[in-house]
Amino acid sequence: MSLFFVVYFKEIIRLGRRYPFPRPPNCLREGCKSRRLWGHGYIEAYFEGYEGPISLRRYRCRDCGRVYTIRPFGYWPRHHVEVRIIIQRLCKRIKAGKWDKSDGLTRQRQGQWLRALKKNIMAYLGMSFRGSITEGFYELMYTGRIPVQRA
Ligand SMILES: [Zn+2]
């Protein structure tokens with residue numbers, strides 16, 4: 001399970017595994033809520049704009065065994081570009097009808113996000129959804145999904 005915390009990338013890069021990652025106060029599993037979360041190593045992840053990999057701290061609940069990964073807020077799992085950049089680029093494309101290819105983000109990449117978003121709107125919000133693509137994006141986020149997640 002991913003937990004999102006505000007962490008400082010520059011400090012993580014500088015300190016590596018010595019970075020003081022926050023520890024969740026208790027297990028989030030219903031019916032467990034144990035306070036015994038122990039360090040469970042690190043997982044390596046890559047992020048846009050940083051020469052990777054970056055080590056992310058993991059904790060494991062001693063009572064139910066659930067593993068938590070501490071992730072930087074603002075990134076989705078398996079997506080290397082910041083959430084706010086993804087939103088910004090998709091909005092531009094939808095409103096202006098043009099791709100913003102600055103900062104090395106290719107049309108192909110952004111096209112994948114847009115296609116996945118449309119698919120997810122159909123799959124999870126259904127044919128009856130009458131909102132715009134942008135509204136669909138926020139609706140999916142609100143229901144806890146990653147709007148641009150590919151199947
Ligand atoms: Zn637990």
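Among the elements of the protein, strand β1 (residues 2-5) has the lowest mean pLDDT, 72, while α3 has the highest, 95; pLDDT is the predictor's confidence in each residue, on a scale from 0 to 100. Keep in mind that this is a predicted model, where local features need pLDDT of at least 70, side-chain atom pairs count only at pLDDT 80 or more, and totals for chains, interfaces and linings use all residues. Residue numbers start from 1 along each chain as its sequence is written.

View 1. We start with 4 helices and 4 strands, and from the N terminus on they run β-α-β-β-β-α-α-α. Helices (H or I, at least four residues) and strands (E, at least two) are DSSP runs, numbered from the N terminus. Domain 1 covers 2-72 and domain 2 covers 83-142, with bounds that come from an automatic or database domain assignment. The centres of the two domains, taken over C-alpha atoms, are 29 Å apart. The C-alpha trace spans about 50 × 40 × 20 Å along its principal axes. The average pLDDT is 87, and 98% of the residues score at least 70. Where pLDDT is low, the predicted coordinates should not be read in detail.

View 2. Zoom in on W113 and, leaving aside its neighbours within four places in sequence, you find contacts with I86, L90 and V148; a contact means that the two C-beta atoms, placed from the backbone, lie within 7 Å. Of the 151 residues of the protein, 16% count as buried. Buried means 20 or more other C-beta atoms within 10 Å of a residue's own, exposed means 12 or fewer, and partly exposed is in between, with C-beta atoms placed from the backbone.

**View 3. Helix α2, one side in and one side out.** The buried residues of α2 are I86, R89 and L90. They sit on the same side of α2, because they cover an arc of only 95° around the axis; that arc is the one of the directions from the helix axis to the C-beta atoms. These buried residues pack against α3 and α4. The face turned away from them carries the exposed residues R84, Q88, K95 and A96. End to end, the C-alpha atoms of α2 are 20 Å apart, which agrees with the 20 Å that its 14 residues should span at 1.5 Å a residue; the expected span is 1.5 Å times one less than the number of residues. Just after α2, G97 takes a positive phi of about 70°.

**View 4. Helix α3 from end to end.** Q110, W113, L117, N120 and I121 are the buried residues of α3. Their arc around the axis is only 105°, so they lie on the same side of α3. An α-helix has 3.6 residues a turn, so residues three or four places apart point the same way. The buried set packs against α2 and α4, while R107, Q108, G111, R115, M122 and A123 are exposed on the other side. The 19 residues of α3 should span 27 Å, and its end C-alpha atoms are 26 Å apart, which agrees. Just after α3 comes G126, with a positive phi of about 85°.

**View 5. R58 on strand β3.** R58 has its place in strand β3 (residues 54-61). It counts as partly exposed because it has 17 C-beta neighbours inside 10 Å. Not counting residues up to four places away in sequence, R58 touches H40, G41, Y42, I43, V67, Y68 and T69. The C-alpha atoms of R58 and L3 are separated by 9.7 Å, although the two residues are 55 residues apart along the chain.

**View 6. Two loop residues with positive phi.** K33 is not a glycine, yet its phi is positive, about 55°. K33 lies in the loop between α1 (9-15) and β2 (37-45) and counts as partly exposed, with 13 C-beta neighbours inside 10 Å. D103, in the loop between α2 and α3, is another residue other than glycine with a positive phi, near 60°. D103 is exposed, with 10 other C-beta atoms within 10 Å.
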